[in-house]
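Hi,

Here is the structure I promised to pass on. Have a look at it first, and my notes on what turned up follow below.

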Amino acid sequence: MQPIKHTLIGPIRQAVTMANLPLKGGIKDEQLEIIPEAGILIKNDRIHQIGSYWDMYPEAQSIGAEIVNLKSDFVALPGLIDCHTHICFGGNRAKDYALRNAGKSYLEIAKSGGGIWDTVTKTRKASLEKLAQLTIQRANRHLKDGITTIEVKSGYGLSVEEELKMLRAIKQAGENTHADLIPTCLAAHIPPKDFEVTHRNYLKAITDEVFPILKEEGLANRIDAFIEETAFTPVDIHSYFQKAKEMGFDITVHADQFYTGGSQVAVDFGAISADHLEVSGEKEIEILATSDTIAVALPGASMGLGVPYTPARKLLDAGASLAIASDWNPGSAPMGDLLMQASVLGTFEKLSNAEVLAAITFRAAAALGLQDRGQLTPGLIADIVLFPTDDYREITYQQGRLKPFKVFKKGTEVLKV
Ligand code: NIG
Ligand code: FE
């Protein structure tokens, strides 16, 4: 039997629980549950109790809880969740920035042999250990920003062996960082330039040879595809997703980034999320709003490429669920600053604080199919971030400049400032 460890954190000026809020549609700031002078009692890796610090203090003392006594003003939020990243990659694409600013589009760079394929070449050159090490470094940077759960995609291997290498590197990284890494197989990122014959043969090789190993080795429960004219079309991807569904994988889609079509595929296959959506119009918004698929905006990709933002306001007003993720990757979104990007999207799309915070907490958890995090609620994992302020609105107002003071992951303090 493991010894029971209790920790009481407080008094917290405002604990913003993100509890009792709708999964879909708009949210007003007034709907937020904010507990003043709060205490959070942790039992091992879970939140045991949340309420008034001074009411909880005597009992916590009597059971020998460690007291993390806060001597100034802090706001507590659930650990932030980045539900879409590509942080496992080799090299960089710094030259693309200059090319794009000189007038070349992302797709033109890709067509001329650069773009994603450039990163594939560099990632293939890196060893599994090197990729794991790079992924750990990036995950730890996110952890410092209060992000305690990070989805990580493959997709720069683009062969049976290299995709497995990436996913094994992500698994190894997950075992060596406090952040939880949620792996996704994005073998259907772009058709590999060196695969003999056709796209379909490549996808068949992945379903036949990679999918079973994902299950055997516990490498990923999620399958993603980039649906795009220059990547995979809805027709290309049909049997791939069908096979993935039959095998019990969750589906997620890179949808409507440059052309529409992906969101329909996502909804048709009951995808857990449809991500990007920069060019989604009324029809796509309606399709998503009337489905259970979570819409994921990736403002970092809009900033990276200089293209319009995902119509987040319209999606929420139509009744969709909205998560926001960084898309951190070497091409379209090299910045990787989730809170900054979510706050800026809020500015452009007129989102409430509650909508921005929901999009990087419990709605992002839903986009990953995780019910055990994303709120400060008894029974959930004790992932908690403390910001040095007495007003939760400063977190979005400062657009990412206000950094966490303490971060707890599964009840353990992983960042002390
Ligand atoms: O989500 N759109 C496709 N894939 C990634 C970019 C990958 C890259 O450019 O390296 C994205 O933006
Ligand atoms: Fe992406």
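K409 and D180 pair up through their side chains in a salt bridge, 2.8 Å from N to O; the term stands for a side-chain nitrogen of Lys or Arg within 4 Å of a carboxyl oxygen of Asp or Glu. Between domain 1 and domain 2 the count is four salt bridges. On the side of domain 1 that touches domain 2, the elements giving two or more residues are β5 (75–78), β14 (384–387), α16 (393–397), β15 (406–409) and β16 (412–416). (Helices, H or I with at least four residues, and strands, E with at least two, are DSSP runs numbered from the N terminus.)

Before you go further, a word on the ground rules. This is a predicted model, where local features need pLDDT of at least 70 and side-chain atom pairs count only at pLDDT 80 or more, while totals for chains, interfaces and linings use all residues. Residues are numbered from 1 along each chain as its sequence is written, chains are lettered from A and ligands numbered from 1 in the order in which they are written, and side-chain values use heavy atoms, with hydrogens and water left out.

Now the domains. Domain 1 takes in 6–79 + 374–416 and domain 2 covers 81–367, with bounds from an automatic or database domain assignment. Their centres, taken over C-alpha atoms, are 30 Å apart. At the interface, 34 residues of domain 1 are in contact with 35 of domain 2, contact being heavy atoms within 4.5 Å. The two domains bury about 2700 Å² between them, 61% of it on carbon and sulfur atoms; that is the accessible area (1.4 Å probe) that two parts lose on being put together, summed over both.

In total, the salt bridges come to 26. One of them joins K403 and D145, with the closest N and O atoms 3.6 Å apart. That pair links distant parts of the chain, 258 residues apart: K403 sits in the loop between α16 and β15, and D145 in the loop between α5 (128–144) and β7 (147–153).

For H189, the side chain has an N or O atom 2.8 Å from a ligand nitrogen. H86 places a polar side-chain atom 3.4 Å from an oxygen atom of ligand 1.

Cheers

Terms used: A polar contact is a pair of N or O atoms within 3.5 Å; within protein, one must be able to donate a hydrogen and the other to accept it, and residues adjacent in sequence count only if both atoms are side-chain atoms.
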